[in-house]
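Let us walk through the structure shown here, beginning with the contacts of a single side chain and ending with the arrangement of a sheet.

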Amino acid sequence: MVWQENGLHVELTYDHLNINASMDKVRSSKAGAIVIFAGTTRDNFDGKSVKHLEYSSYIPMAISTLSRIARSVSSKHGLTGISITHRLGTVPIGEESILIAVSAPHRQAGWRAGEEALEETKEKAEIWKLEEFGGEDGAIWRANKEGSIGVPAPR
Amino acid sequence: MTAPCPPSGHFTLLYFAAAYSYTRRHSEYFEAPMKATELFATLESRYPGIKTSVLDSCALTVNREYVNVEENSLSTEKICDTVSDIVVIHAGDEVAIIPPVSSG
């Protein structure tokens, strides 16, 4: 699932994420910097050991939300390019679940834009993370919103 | 996920994340028309406990646009103050329960 337009690229995929592919989406002779963020899956939450994570999505809405984020962050920071890719399905511990690449004429705009794109994505994209603890601990639908502990997923 | 096509006179409701875990379904058909503010009460009667466990923290979309869900949608007398606030779900609509998101 891909949406792209003039230097803007958003994608949801069940495959492994590829940093070089993300970089190539934003590479430009007009850019003096490419900033990459890779979010990886952690092996614990609040001391509980996480076996693996599973991401699901309302795909058409998430694509449209991510494209809005890409467009607004790009225009606000004068980017040359931006790419937001999120992985879906089961993601083993330690692997990338999200890659954000931005290119900009100068690095300061790149750093800021990358951070903002990530925060906006975490707040708004219609994507959900299930943390599987294994054994009797079960699984929890995590929520990014502060103060929210998530909802246990009954078996 | 591609939304399935509902039978005539019905709309499709999509369940994600915690809503999927609670109902054990990815989607379900309901008779249209229905006021958006009545949907959560309808779900509570079909899936007792879902309101406090899941729906209270959820948003609602109709045809991929967010709509307002009144706080007290369980009490029929107190739905909306103004008629224009009431979103009506029509046959063929794609409606979705949106739990708090957690990408990244």
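A:Lys122 touches A:Asn144 as well as B:Val101, B:Ser103 and B:Gly104, residues up to four places away in sequence being left out, where contact means heavy atoms within 4.5 Å. This is a predicted model, in which local features need pLDDT of at least 70 and side-chain atom pairs count only at pLDDT 80 or more, while totals for chains, interfaces and linings use all residues. Residues are numbered from 1 along each chain as its sequence is written, chains are lettered from A and ligands numbered from 1 in the order in which they are written, and side-chain values use heavy atoms, without hydrogens and water.

A:Lys122 lies in helix 3 of chain A; helices (H or I, at least four residues) and strands (E, at least two) are DSSP runs numbered from the N terminus. With a relative accessible area of 28%, A:Lys122 is partly exposed, the classes being buried under 20%, exposed over 50% and partly exposed in between (1.4 Å probe, protein chains only). A:His106, in the loop between strand 9 (96–104) and helix 3 (107–124) of chain A, counts as exposed because its relative accessibility is 57%.

Chain A also holds an open sheet of five strands in the order 8-6-10-11-12, with antiparallel pairing, two strands being paired if DSSP finds at least two bridges between them. Strand 8 (89–92) and strand 12 (151–153) of chain A stand at the edges with a single partner strand each, so one side of each has no neighbour in the sheet. Strand 6 (residues 52–57) of chain A pairs with strand 8 of chain A in the antiparallel sense over four bridges, and A:Tyr55 stands opposite A:Gly89 in strand 8 of chain A.
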